[in-house]
Amino acid sequence: MPDSERSSLISVHKSSDSGLQIHLHPLVLLTVSDHITRHSLRRREEPIVGALLGQQNGRDITLEHAFECQVVEGEQGAILLHQAWFQDRLQQYKDVHKEPALELVGWFTTAPINGPEVYHVPIHQQIIHDYNETAVLLAFHPTEVLAGASQSGRLPLTIYESVYESTQNAGKAANNEAEADRSMDIDVAEGPLDLRFRELPYSVETGEAEMIGVDFVARGGGNATNIDSPAKQKGKEKSPKDSKSPQQESKTLNDTSLLSPEDEE
């Protein structure tokens, strides 16, 4: 993607040096897709926001479960999580998933392919401040779905980590990535820091049990269309080939009740 098309919130340090390894499970993809579909069909206007649950072991993060979240409008129109609702819902999931124990590892939303937008910042800051300072952002790209990107084997999503960078150094490094790398250690000394996002590599992983469940859910809609409705079954019972008139039924009964001379003896 040309630099001119990048979001202003994308870090000038293009490659991540954090060492984070993201392992994405298919159940998260199904949950995100379902939430976006229902949101669209119901013509809801609020942003799509959801939580990501998983495990964090050192620099390895798994994204295993997801659930949609309620949001509220804060000061100056900022979109934030409904704090009380979210804490209760998060605790419910933790109570259910105790072995292995899951924690909040990030959140998901929709975003353009060129990166997160300004209204994503307040809710991300809320999550990294109140719940997990290394929380990641999974940005789903609806425009990529419409463009048929999934047919090329590429998932229409990007996973980001967040970093704080000096706005002064960002301006200097915009035309020189090497300068950006040298300026990382002196960001604090040269000016205020702003939140920026860096893309993370990820892999899709699943266990055998999850794969069976996901496959069953994915094919469920198609199987449902093959089930005969009561009207169809009723129609089959009254098909012309199988139905007989009262006279024919009576004749059949009379014929079967007659005995041959040999049988009478």
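Gln126 counts as buried, at 12% relative accessibility (buried means under 20% relative accessible area, exposed over 50% and partly exposed in between, with a 1.4 Å probe and protein chains only). The model is a predicted one, in which local features need pLDDT of at least 70 and side-chain atom pairs count only at pLDDT 80 or more, while totals for chains, interfaces and linings use all residues. Residues are numbered from 1 along each chain as its sequence is written, and side-chain values use heavy atoms, with hydrogens and water left out.

Gln126 sits in helix H3 (helices, H or I of at least four residues, and strands, E of at least two, are DSSP runs numbered from the N terminus). A polar atom of the Gln126 side chain lies 2.8 Å from the backbone nitrogen of Leu81, which falls within the polar-contact rule (a pair of N or O atoms within 3.5 Å; within protein, one must be able to donate a hydrogen and the other to accept it, and residues adjacent in sequence count only if both atoms are side-chain atoms). Setting aside residues up to four places away in sequence, Gln126 touches Leu80, Leu81, Gln83 and Tyr131 (contact means heavy atoms within 4.5 Å).

Zooming out, the chain holds 11 helices and 10 strands. Buried residues make up 34% of its 265 residues. Of the contacts with a separation of 6 or more, 71% are between residues 24 or more positions apart.

Then there is the sheet. It is open and built from 8 strands in the order E9-E8-E7-E6-E2-E3-E1-E10, with mixed pairing (two strands pair if DSSP finds at least two bridges between them). Strand E9 (193–200) and strand E10 (202–204) stand at the edges with a single partner strand each, so one side of each has no neighbour in the sheet. From one strand to the next, the twist averages 35° (axes are lines fitted to C-alpha atoms, for helices over the stretch in contact, and angles run from 0 to 180 degrees between N-to-C directions). Strand E2 (residues 49–57) pairs with strand E6 (residues 103–110) in the antiparallel sense, over 6 bridges. In this pairing, Leu53 stands opposite Leu104 in E6.

Two helices pack on this sheet. Helix H1 (residues 26–41) touches strand E1 (21–24), E2, strand E3 (60–68), E6, strand E7 (136–140), strand E8 (157–166) and E10, and its direction makes about 30° with that of E3. Helix H3 (residues 121–130) touches E2, E6, E7, E8 and E9, and its direction makes about 90° with that of E9.

A polar atom of the Asn132 side chain lies 2.9 Å from the backbone oxygen of Leu104, and a polar contact of 2.9 Å joins the side chains of Asn132 and Thr134. Neighbours within four places in sequence aside, Asn132 is in contact with Gln56, Glu103, Leu104, Val105 and Ile127.

(On a 1 Å grid over the protein atoms alone, a cavity is a set of points where a 1.4 Å probe fits but cannot get out, and a pocket is an open set with protein on both sides within 12 Å along at least five of seven lines; lining residues have an atom within 4 Å of a point. Grid points are joined across faces, edges and corners, and a volume is the space filled by probe spheres set on the points.) The pocket is lined by 16 residues, with Ser33, Ile36, Phe140, Val145 and Pro156 nearest its centre. H1 gives the largest share of this lining, 6 residues; H1, E7 and helix H4 (142–146) each supply at least two. The count of cavities of 30 Å³ or more comes to 2. The largest cavity holds about 40 Å³ of space and is lined by Pro47, Ile48, Val49, Ile79, Trp107, Thr109, Tyr119, His120 and Ile123.

Most residues other than glycine have a negative phi, and most peptide bonds are trans. The bond from Glu99 to Pro100 is cis, with omega near 0°, and Pro100 lies in the loop between helix H2 (83–96) and E6. Arg43, in the loop between H1 and E2, has a positive phi of about 55° and is exposed, with a relative accessible area of 74%. Gln76 has a positive phi near 55°; its place is in the loop between strand E4 (71–73) and strand E5 (79–81), and Gln76 is exposed at 86%.
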